[in-house]
Amino acid sequence: MKSFMQKFGKSLLLPISTIAAAGIFLGLAAALQNSSIVGEAFVNLQGVQDFIGFIRKLAGLVFGNLPVFFAISIALGMAKEEKATAAFASLIGFLVLHLTLNYLLGLDGITAETTSVKYLMENNGLSQIDASIVNAKYETVLGYFTYRMNVFAGIIVGLTVTFLHNKFYKIQLPSSINFFGGKRFVPLITLIVIPVVAFISYYAWPIVDTVISGFGKGIEGAGAFGPYLYGSLNRLLIPTGLHHILNQIVRFTPIGGTAVIDGEPVVGALNIFNAAIASTTGVGNDIVAIGSRYVGQGHMLSVMFGLPAAGLAMIHCAKDKNRNKVKALIVAGIAASILTGITEPLEFTFMFISPILFLFHVIVYGFGFMIMDLLGVAVGGVQAGLIDFTVFGLLRGMDTKWYLIIIVGIIIALVYYFGFRYIITKFNIMTPGREDDVEDEDGIPAVISDDKLSSTIVDALGGKINIVSIENCMTRLRVVVDNPNLINEKVLKDTGASGFVRPTKENIQIVYGLKVDQIASDVKAYLKSI
């Protein structure tokens with residue numbers, strides 16, 4: 001189960017990274033169409049504004065089709081081999097799911113017309129509020145009127161197709177029909193199984209939707225304590241990598257909030273934030289804040305102020321003779337944190353060394369989300385680094401209250417700096433640069449040259465024969481090995497790894513930071529060459 005959840009969480013990163021980039025373009029486009037920011041003269045340049053409007057449409061395409069992207073991404077990330085076939089079958093499965101739901105709804109007389117607010121008010125005697133609630137349960141997806149399942153539809157299809165693919169992509173059929181065997185069988189079995197899944201979903205989804213909505217209302221009723229719980233739990237899950245799953249639940253389900261934007265119901269923190277930014281009808285920052293309470297400003301306090309201050313404290317607590325080495329390690333992590341919101345290179349310098357430091361970080365991180373919500377800040381962004389702060393804060397004007405992030409951020413930085421210094425010195429915690437001098441038993445050089453990096457990593461993992469699979473997420477090289485006893489963490493540390501996570505005995509995640517993409521590509525290429 002742990003291995004499954006690790007792969008599942010990793011597979012969600014591809015669409016999320018696309019969202020992050022699309023969101024930045026959307027924020028820039030919104031700013032360039034705001035007369036209070038760029039002036040009336042610029043807004044009245046028809047050709048320029050038409051082009052900017054097209055950019056907004058492109059970004060809207062990404063957000064509007066996120067469920068199908070999830071379906072494809074999960075199949076790509078979790079298929080053992082023949083990943084292209086799995087992705088193709090997943091797209092077919094997604095269409096079949098909604099076609100089947102559309103057909104079943106039609107049999108019961110549930111259509112776009114019979115669920116419109118006007119029809120429900122005139123023919124069913126519902127009030128406008130009750131009619132809107134009923135109407136919000138349905139939507140049109142790729143031309144099919146269906147349940148409003150959001151990314152759950154993509155997740156259901158992706159997981160189902162992945163199971164079918166991994167089970168049948170090598171199947172052998174009788175020779176007379178073996179043309180349809182192997183990978184060609186996967187789309188065929190998808191066409192058979194997904195309608196059954198859709199039939200079950202037709203009756204199960206209304207129940208699931210009610211439960212999720214209930215949780216959402218409960219968290220909404222908790223006020224600012226809801227963001228605190230989310231922030232704290234998010235950091236607690238960082239060592240396992242399962243924070244990605246928590247993020248998607250909050251970003252794309254009613255647990256992250258609900259709102260009506262341009263007459264359409266929107267659920268999920270990130271959906272609300274993006275829909276509000278994309279709207280051209282002047283959505284107020286009170287609506288934007290519903291989404292940004294879980295997406296953006298709370299994380300900004302930590303990545304732009306708190307963790308860099310913690311890194312500075314660790315540098316100052318290092319032994320004098322080791323301080324330059326520690327600076328090289330931590331300053332790179334500070335830069336990644338401030339600019340992009342990637343925190344793991346910094347967090348892994350203390351996460352497993354000291355549970356006390358990690359718990360301190362978890363508590364203060366959660367408070368950052370709560371404080372921003374109480375102050376009504378409306379600055380969002382997926383990565384929540386300096387780039388997002390500029391695009392979604394500074395460029396959107398003073399109404400976002402971006403200045404409060406700086407004010408509170410300075411206070412948070414002081415709390416992190418003095419808190420870390422006190423805990424490190426009080427409990428004599430061996431953060432980087434404070435370790436006792438140890439003889440280098442294996443004579444491994446402190447820096448591995450680029451041309452030998454891949455071979456060194458493979459050897460440290462027990463050699464090619466010991467490596468079952470190797471993939472990467474945003475900051476970690478995720479490896480499955482046959483014999484975990486053959487892994488040499490000391491050598492891996494010398495390759496630039498800042499930490500390790502072992503969700504199971506056979507799984508090891510090596511934290512390399514933003515350079516992991518290139519490392520993963522080089523290691524895969526090396527494995528093919530030997």
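Guide: Ala, Val, Leu, Ile, Met, Phe, Trp, Tyr, Cys and Pro count as nonpolar, Asp, Glu, Lys and Arg as charged, and the others, Gly among them, as polar. The model is predicted. By class, twelve nonpolar, twelve polar and three charged residues line the largest cavity.

Visitor: What makes this a cavity, and what volume does the largest cavity have?

Guide: A cavity is a set of points where a 1.4 Å probe fits but cannot get out. The volume of the largest cavity is about 380 Å³. By this rule there are three cavities of 30 Å³ or more.

Visitor: Which helix gives the most to the lining of the largest cavity?

Guide: Helix α13 does, with five residues. The helices that each supply at least two lining residues are α2 (13–32), α12, α13 (243–252) and α19. Of the 27 lining residues, Arg235, Asn247, Arg251, His299 and Val382 lie nearest the centre of the largest cavity.

Visitor: Why are α12 and α19 called roughly antiparallel?

Guide: The axes of α12 (residues 225–236) and α19 (residues 355–374) cross at roughly 150° and come within 7 Å. Angles over 145 degrees count as roughly antiparallel, and α12 and α19 are therefore roughly antiparallel to each other. The contact includes Tyr228, Gly231 and Arg235 of α12, and Phe358, Gly366 and Asp373 of α19.

Visitor: How do the residues of the contact of α12 with α19 divide into nonpolar, polar and charged?

Guide: Eleven are nonpolar, five polar and two charged. Arg235 of α12 is one of the residues making this contact, and Arg235 is also among those nearest the centre of the largest cavity.

How values were computed. Residues numbered from 1 in each chain as written. Predicted model: local features only at pLDDT ≥ 70, side-chain atom pairs only at ≥ 80, totals over all residues. Heavy atoms only, no water. Axes fitted to C-alpha atoms, helices over the stretch in contact; angles between N-to-C directions. Helix = DSSP H or I, 4+ residues; strand = E, 2+ residues; numbered from the N terminus. Parallel < 35°, antiparallel > 145°, perpendicular 65-115°, else oblique. Contact = heavy atoms within 4.5 Å. 1 Å grid on protein atoms, 1.4 Å probe; cavity = no way out; pocket = protein on both sides within 12 Å on 5 of 7 lines; lining within 4 Å. Points joined across faces, edges and corners; volume = space filled by probe spheres on them.
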